[in-house]
Amino acid sequence: IIPNFKLASIGSTKQVMYETTKSSLKRLKENKLFELLVISVIIISALEIGAKTFELPNTAISITKVLDAFITIFFLLEISIRFIADDDKKTFFQKGWNVFDTLVVLISLIPVNDSEMALLARLVRVFRVLRMVSVVPELRVLINSLLKALPQLGYVVLLMFIIFYIYAAIGSFVFKTIN
């Protein structure tokens, strides 16, 4: 009976520690300063990618490599914090933004050497900048609204096609003598 009691008490202690850690990480995730830090790292990542498009001295190249490693580790920790702090782990990957962020972070973990995948990995690191959309709620609302409006935009494109077709037909009759 005593060993079972110890196992039960260890299990409940682990559960309490997990819940405490989870609530701390949830507060961190919802903290505006943490959100600003994530946005700042995304901007630094964009600037670092832009700097790599120029011919850089060897010291700057080594600094960008260290910075790239830091950014990758930071994003890995940030997505881990978001996953652990989430109340429903089963639905975490049913949200499109979480899937996008996780894919960008996981693909960023691919080492960028002179391999065949180096170009793809570099391109994915450019997509880190798009993580800004998933971090800033206002941008998410804007993108979601644009996606909902896409079907109606199809009708706008259809109307424009009809108008352009009419003007093309008229133009071909009016200007048929001009080559």
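**Figure 1. A salt bridge between aspartate 87 and lysine 22.** The side chains of aspartate 87 and lysine 22 form a salt bridge, 3.5 Å from N to O. This is a predicted model. The bridge links distant parts of the chain, 65 residues apart. Aspartate 87 sits in the loop between α3 and α4 (89-92). Lysine 22 belongs to helix α1. Aspartate 87 is exposed, because its relative accessible area is 53% and the cut-off for exposed is over 50%. Lysine 22 is buried, with a relative accessible area of 12%. A network of salt bridges links Lys22, Lys26 and Asp87. The structure holds six salt bridges.

**Figure 2. Serine 24 and alanine 85.** Serine 24 lies in helix α1 (residues 2-30). Its C-alpha is 8.0 Å from that of alanine 85. In sequence, serine 24 and alanine 85 are 61 residues apart. Is serine 24 buried, partly exposed or exposed? Serine 24 counts as partly exposed, because its relative accessibility is 31%. Alanine 85 is one of the buried residues of α3.

**Figure 3. Lysine 32 and glutamate 35 in helix α2.** The side chains of lysine 32 and glutamate 35 meet in a salt bridge of 3.9 Å, N to O. Both residues lie in helix α2. They are three residues apart, about one turn of the helix. An α-helix has 3.6 residues a turn, so residues three or four places apart point the same way. Lysine 32 counts as exposed, at 54% relative accessibility. Glutamate 35 counts as buried, at 18%.

**Figure 4. Helix α3 and its buried residues.** Helix α3 has 28 residues. From first C-alpha to last, α3 reaches 40 Å, close to the 40 Å expected at 1.5 Å a residue. Its buried residues include Thr64, Asp68, Ile71, Thr72 and Phe74. Ile79 and Ile81 are also among them.

Figure 5. The side chains of arginine 82 and glutamate 78 meet at 3.3 Å, N to O, in a salt bridge. The two residues are four apart in helix α3, about one turn. Which is it for arginine 82, buried or exposed? Arginine 82 is buried, because its relative accessible area is 11% and buried means under 20%. Glutamate 78 is buried too, at 3%. Leaving aside neighbours within four places in sequence, glutamate 78 is in contact with Phe34, Val38 and Arg131.

**Figure 6. The largest nonpolar core.** This core has 17 residues. Val38, Ile42 and Phe75 have the most contacts inside it. The largest share, six residues, comes from α3. In soluble globular proteins, nonpolar side chains tend to be buried together. What does phenylalanine 75 contact, leaving aside its neighbours within four places in sequence? Phenylalanine 75 is in contact with Val41, Ile42, Val105, Arg128 and Arg131.

Figure 7. The patch covers about 1,300 Å². Among its residues are Tyr155, Leu158, Phe161, Ile162 and Tyr165. Ile166, Ile170, Phe173, Val174, Phe175 and Ile178 also belong to the patch. Phenylalanine 161 is found in helix α8 (residues 137-174). Phenylalanine 161 counts as exposed, because its relative accessibility is 54%.

Notes: Residues numbered from 1 in each chain as written. Predicted model: local features only at pLDDT ≥ 70, side-chain atom pairs only at ≥ 80, totals over all residues. Heavy atoms only, no water. Core = buried A, V, L, I, M, F, W, Y, C linked by side-chain atoms within 4.5 Å. Buried < 20%, exposed > 50% of the residue type's maximum accessible area, 1.4 Å probe, protein only. Contact = heavy atoms within 4.5 Å. Patch = residues over 30% accessible without salt bridge, like charges linked within 9 Å, V, L, I, M, F, W, Y side chains within 5 Å. Areas by Shrake-Rupley, 256 points an atom, 1.4 Å probe, with all protein chains shown as cover. Salt bridge = Lys/Arg side-chain N within 4 Å of Asp/Glu carboxyl O. Expected span 1.5 Å × (residues − 1).
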